Amino acid sequence: MIESALDSASKKRLATLRPGERIEAEFALEIARKASAHELGEAALRQRRARHGDRAYYVYNQHLNYTNICRNQCRFCAYSKRIGEEGGYTYSLEQVRKLLTDRMDHPIREIHIVGGLNPDLPYQYYLDMLALCKKLRPDAVVKAFTAVEVAYFADTCERDETTVLREMREAGLDVLPGGGAEVFAPAMREKLCPEKISADRWLHIHGLAHDMGMKTNCTMLFGHIESWEDRIHHLDRLRVLEDDKPGFVCFIPLAYQPHNNALGVDGPTGEEYLRMIAVSRLFLDNIPHIKAYWAFAGIKAAQMALWAGADDFDGTIVEEKIGHAAGADSPKGLTIAELVETIAATGFTPVQRDTFFQEL
Ligand code: V47
Ligand code: SF4
């Protein structure tokens, strides 16, 4: 939409929001549908600047996807394989060690670990992998296992979720990543990922982690078959949890990658991506950071997103596998020099951070 379809009262309200001002779900839906991309972006940029000035954060990180074998079959997922299917893999702990030690000359500050739900892996494997990461990389924050994996460990290893989180933390887990949230609206979840844990359970596990003092991230997979109502409903559930049990660090709108999966619809346009970033910044007044995840959005759209409300560009990654299995045409990783140059080219000031957004 090029022209704004907002009435004059809503136009004025959007243009004069105070820093951190809360907007209701109804207003969020109205502006998402009717404001021009420019109006939305300008309002979100003001909120972003009020919080973060001209800083644009990045992290020196490494992703590690330990297995692609998964019991679930989410319809958007091009990454997972069934047991015995060609292309399936599971890293031994020796392979994990090699992937980490190959990069020992890089000052990596975050290790991001996620994988499929693989029935062949014993509980001890996860504990040993965390301990190995901490031993090899004592200076890095270990961000590992989505709520979907935590629930799977609990269900298959006869422990409750709190025990899983406690034992994982004792082994080296610092932070939960935000994956697996997809779209919370039940009708969408049924169509997208019927075997996956419910929205309530995803939120419950993040709430448990927050209660233990563990920080977490949150995501939404958007730009496929969901509506703006579904998106605002999702953001609202995150905002309610954060009010009740604070602990989210960063929200990541994940741009749907449309290839090699069962969903069969296109992904978001650049304009839709920027609108999603802007509405996230405007609605999530209690979550400090919005990530422009370049690996899924593409570098250019992620650069633009810094002007539409995002303040984080994520990281070096090293090897992104999930979006690339579904056709992402971004690089699989960036060197630290490329990352800094890419951010600086937007006019924002690149600032290296750790997982908690402490400046380094
Ligand atoms: O959970 C799967 C999504 C997620 C597709 O917490 C897809 O800092 C797009 O959660 N198109 C994994 N997305 C990525 C993720 C993430 C990434 C970066 C940082 C953080 C963080 C979290 O990717 C999955 C799923 O929601 N996904 N298939 C697809 N075709
Ligand atoms: Fe498995 Fe995660 Fe892919 Fe779903 S998105 S099939 S849970 S790896």
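1. Let me start with valine 318: its relative accessibility of 26% makes valine 318 partly exposed, a class between buried (under 20% relative accessible area) and exposed (over 50%), computed with a 1.4 Å probe on protein chains only. Valine 318 lies in the loop between β8 and α14 (322-325); helices (H or I, at least four residues) and strands (E, at least two) are DSSP runs, numbered from the N terminus. Its phi is near 80°, which is positive in a residue other than glycine.

2. A word on the basis of all this. This is a predicted model, in which local features need pLDDT of at least 70 and side-chain atom pairs count only at pLDDT 80 or more, while totals for chains, interfaces and linings use all residues; side-chain values use heavy atoms, with hydrogens and water left out. Residues are numbered from 1 along each chain as its sequence is written, and chains are lettered from A and ligands numbered from 1 in the order in which they are written.

3. Phenylalanine 145 also has a positive phi, about 70°, although it is not a glycine. You will find phenylalanine 145 in the loop between β4 (141-144) and α6 (147-156). With a relative accessibility of 1%, phenylalanine 145 counts as buried.

4. Now to the ligand. Ligand 1 sits in the largest cavity. Here a cavity is a set of points, on a 1 Å grid over the protein atoms alone, where a 1.4 Å probe fits but cannot get out, and a molecule sits in it if more than half of its atoms lie within 2 Å of its grid points.

5. Which residues come nearest to ligand 1? Of the 22 residues around ligand 1, they are Phe76, Lys143, Gly178, Glu182 and Gln257, where near means that a heavy atom of the residue lies within 4 Å. β5 (216-222) and β6 (248-255) each supply at least two residues of the shell around ligand 1.

6. Some polar contacts (pairs of N or O atoms within 3.5 Å) deserve a look. A polar side-chain atom of glutamate 182 lies 2.5 Å from an oxygen atom of ligand 1.

7. Two strands pair if DSSP finds at least two bridges between them; β5 and β6 pair over six bridges, with cysteine 218 opposite phenylalanine 251 in β6.

8. Is strand β1 (residues 55-59) largely enclosed or open? Four of its five residues are buried, so β1 is largely enclosed by the rest of the structure. Four bridges join β1 to the parallel strand β9 (residues 349-352), where alanine 56 stands opposite proline 350. Two bridges join β1 to β8 (residues 312-315), also in parallel, and valine 59 has glycine 315 as its bridge partner there.

9. Finally, asparagine 65 is in strand β2 (residues 61-65) and counts as buried at 3% relative accessibility. A polar atom of the asparagine 65 side chain lies 3.2 Å from the backbone oxygen of valine 114.

Technical notes
Polar contact = N/O pair within 3.5 Å; in protein donor to acceptor, adjacent residues only side chain to side chain. 1 Å grid on protein atoms, 1.4 Å probe; cavity = no way out; pocket = protein on both sides within 12 Å on 5 of 7 lines; lining within 4 Å.
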